Amino acid sequence: MTQADGTLDKTSLREAFGHFPSGVVAVCAEVDGERVGMAASTFVPVSLEPPLVAFCVQNASTTWPKLADLEHVGISVLGEAHDAAARVLAAKTGDRFAGLDTETTDGGALFIDGASVWLDTTVTQQVPAGDHAIVVLRINELRVQSEIEPIVFHRSRFRWLRTVAS
C-alpha cells in the first residue's frame with residue numbers, strides 16, 4: 001500500500017512482483033580456482049542480433065563484484081531437478097555449490113549440470129536501476145537440452161511447469 005509520504009510499501013511491492021512467475025538462472029564462474037555463483041530470477045532474453053540477455057542484481061550483492069569484470073560468465077537455466085540448487089545458490093552464506101555437479105570451460109564460465117540451457121556470456125553493460133543494476137550480457141556460445149523442463153519462481157516458491165493435454 002501507499003505510505004503516508006506517497007511511497008509504496010516494500011513488502012507490498014515484493015508481494016506484487018512475486019505474482020509474476022519467472023525462470024531461475026545460476027550466474028557462475030571460476031575465479032582463481034574457486035567456484036563463485038548466485039541465483040537470479042530476473043533473467044530475460046534481450047536481442048537476437050547481437051545475441052544479448054540480461055538479469056538484475058542488487059547493488060548490495062557481495063557476489064556480483066567477483067563476477068562483473070570476468071571475460072566469461074556462465075548462465076545456467078535451472079531445471080525441475082534444481083529446486084534445492086536454487087535455494088543453495090541464493091544463500092548469503094555457506095557453500096553455494098554443495099551437492100551440485102558443475103562444469104567449467106577453459107575460459108572460466110561455470111555451468112550447473114542438468115540445466116536446460118548453458119550460455120557462455122560476457123558482460124557488455126551495467127545500467128543503474130534503483131537498488132539494482134541491469135546487467136546486459138553478450139552470448140558467446142550456447143548449449144540447449146530441450147528435454148529438461150524449467151523451474152519457475154512464483155510467489156516466493158519454486159514451482160514446476162506441467163504440460164496439460166489439450
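Biologist: Which strand does Pro-128 lie in?

Modeller: This is a predicted model, where local features need pLDDT of at least 70 and side-chain atom pairs count only at pLDDT 80 or more, while totals for chains, interfaces and linings use all residues. Residues are numbered from 1 along each chain as its sequence is written, and side-chain values use heavy atoms, with hydrogens and water left out. Helices (H or I, at least four residues) and strands (E, at least two) are DSSP runs, numbered from the N terminus. With that numbering, Pro-128 lies in strand β9.

Biologist: Is Pro-128 buried or exposed?

Modeller: The cut-offs are under 20% relative accessible area for buried and over 50% for exposed, with partly exposed in between (1.4 Å probe, protein chains only). Pro-128 has 74% relative accessibility, so this residue counts as exposed.

Biologist: How far apart in space are Pro-128 and Cys-56?

Modeller: In sequence, 72 residues separate Pro-128 from Cys-56. In space, C-alpha to C-alpha, the gap between Pro-128 and Cys-56 is 9.7 Å.

Biologist: Zooming out, what share of the contacts with a separation of 6 or more comes from residues 24 or more positions apart?

Modeller: The protein chain has 3 helices and 12 strands, and 36% of its 166 residues are buried. Contact here means heavy atoms within 4.5 Å. Among the chain's contacts with a separation of 6 or more, the share from residues 24 or more positions apart is 62%.

Biologist: Which residues touch the most other members of the largest nonpolar core?

Modeller: A nonpolar core is a set of buried Ala, Val, Leu, Ile, Met, Phe, Trp, Tyr and Cys residues joined through side-chain atoms within 4.5 Å. In general, nonpolar side chains of soluble globular proteins tend to be buried together. The largest core has 23 residues, and those touching the most other members are Val-27, Met-38, Phe-55, Val-57, Trp-64, Leu-67 and Val-135.

Biologist: What is the relative accessibility of Val-27?

Modeller: Val-27 sits in strand β2. Its contacts, leaving out residues up to four places away in sequence, include Met-38, Phe-55, Trp-64, Leu-67 and Ile-75. Leu-67 is 40 residues away from Val-27 in sequence, yet 8.6 Å away C-alpha to C-alpha. Val-27 counts as buried because its relative accessibility is 0%.

Biologist: What angle lies between the planes of Phe-55 and Trp-64?

Modeller: Rings of Phe, Tyr and Trp (its six-membered ring) pair if their centres lie within 6.5 Å; planes under 30 degrees apart count as stacked, over 60 as edge-to-face and the rest as tilted. The whole structure has 2 aromatic pairs. Phe-55 and Trp-64 form an edge-to-face pair, 5.3 Å centre to centre, with the planes at 85 degrees.

Biologist: How far apart are the ring centres of Phe-111 and Trp-118?

Modeller: Phe-111 is buried, at 4% relative accessible area, and Trp-118 is buried too, at 6%. Their rings are stacked, with 10 degrees between the planes and a centre-to-centre distance of 4.8 Å.

Biologist: Which residue lies over the face of Trp-118?

Modeller: A charge sits over a ring if NZ of Lys or CZ of Arg is within 6 Å of the ring centre and within 35 degrees of the ring normal. At 3.9 Å from the ring centre of Trp-118, the residue lying over the face is Arg-143.

Biologist: Which side chain makes a polar contact with the side chain of Thr-63?

Modeller: Thr-63 is in the loop between β5 (52–58) and α2 (64–67), and is buried at 7% relative accessible area. A polar contact is a pair of N or O atoms within 3.5 Å; within protein, one must be able to donate a hydrogen and the other to accept it, and residues adjacent in sequence count only if both atoms are side-chain atoms. At 2.6 Å, the partner of Thr-63 is the side chain of Arg-96.

Biologist: Where is Asp-32, the non-glycine with a positive phi?

Modeller: Most residues other than glycine have a negative phi. Asp-32 has a phi of about 50 degrees and is exposed, at 80% relative accessible area. Its place is the loop between β2 and β3.
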